[in-house]
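The following paragraphs lead through the fold of a single model, from its sheet to its cores and then to a pair of helices. Please keep the sequence and the coordinates in view while reading.

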Amino acid sequence: MKWTRAVRHLWDLAEKCAELDGPAGAIYQVRVVGLWAVGDVLGEARDVDRVTVALAVDLPVDEVPWRSEPAGAEHWGNATRMTRNPITPLWRSARGPVWNHRVERPVLVWDSAGGVAEETLAALEAGRGDRLRPPAPSADELRERLRDELDVSLRALRGRTHAYEEKRWRPGKLDPVADDLWRAGVGYLDVLDALERTASG
């Protein structure tokens, strides 16, 4: 995908975030309050495969464990056309840090308080995103962040394992509960591996 097209996808999503901003439950079950650029789109102008974003939602941290999708995420993604574009969303709680070992030094491109950050998006389009990124965390700060993330992920894994056990032999579709459990497991293992790498490093 050409660089200009990648940034255009990000710009369009920021504008959609602004358009759909409002209290959760009014139209959509989930309320997105922040959009952050992550990964390749923060580098030099070049062809990229996908655009990665972090979507901060107005939910408690425990309701948005790593690699999960909050209730209403699919509907919101369809409404913004995000699911039809080469965009990888990483869902985060706005009530905790957005960054972690995968969401490295993200850059805010829209939030409900300040609107679309047009100057930031213009800088990204020019390939100057690296100049906008916050400083990297220290090794100790990263370990502390990962420990907090791991605690949230472990609670999610336990809760969703219990939900799966409760649902397994009952009528109705098992897929949504199984998918939630799978995401919790993937998230937990990803954070655990990252924490182990920081310990060995």
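Five strands form an open sheet in the order E3-E2-E1-E4-E5, with mixed pairing; two strands pair if DSSP finds at least two bridges between them. Helices (H or I, at least four residues) and strands (E, at least two) are DSSP runs, numbered from the N terminus. Strand E3 (87–93) and strand E5 (115–116) are the edge strands, each pairing on one side only. The model is a predicted one, in which local features need pLDDT of at least 70 and side-chain atom pairs count only at pLDDT 80 or more, while totals for chains, interfaces and linings use all residues. Residues are numbered from 1 along each chain as its sequence is written, and side-chain values use heavy atoms, with hydrogens and water left out.

At one side of the sheet, E5 pairs with strand E4 (residues 107–111) in the antiparallel sense over two bridges. Here Trp 110 stands opposite Val 116 in E5. Helix H3 (residues 118–125) lies across strand E1 (32–38), E4 and E5, and runs at about 140° to E4. Such angles run from 0 to 180 degrees between N-to-C directions, and axes are lines fitted to C-alpha atoms, for helices over the stretch in contact.

The largest nonpolar core has 31 residues, and Leu 10, Leu 35, Trp 76 and Trp 91 have the most contacts inside it. A nonpolar core is a set of buried Ala, Val, Leu, Ile, Met, Phe, Trp, Tyr and Cys residues joined through side-chain atoms within 4.5 Å; buried means under 20% relative accessible area, exposed over 50%, and partly exposed in between (1.4 Å probe, protein chains only). At least two residues of this core come from each of helix H1 (3–20), E1, strand E2 (51–57), helix H2 (73–79), E3, E4 and H3. H1 gives the most, with nine residues. Not counting residues up to four places away in sequence, Leu 10 touches, among others, Leu 35, Val 53, Val 109 and Leu 121, where contact means heavy atoms within 4.5 Å. Apart from this core lies another, of 13 residues, including Ala 54, Ala 56, Tyr 188 and Leu 195.

Arg 145 lies in helix H4 (residues 139–167). Because its relative accessibility is 8%, Arg 145 counts as buried. Neighbours within four places in sequence aside, Arg 145 is in contact with Arg 92, Pro 97, Trp 99 and Asn 100.

The axes of H4 and helix H5 (residues 175–200) come within 8 Å and cross at roughly 155°. H4 and H5 are therefore roughly antiparallel to each other, a term for angles over 145 degrees.

Technical notes. Parallel < 35°, antiparallel > 145°, perpendicular 65-115°, else oblique.
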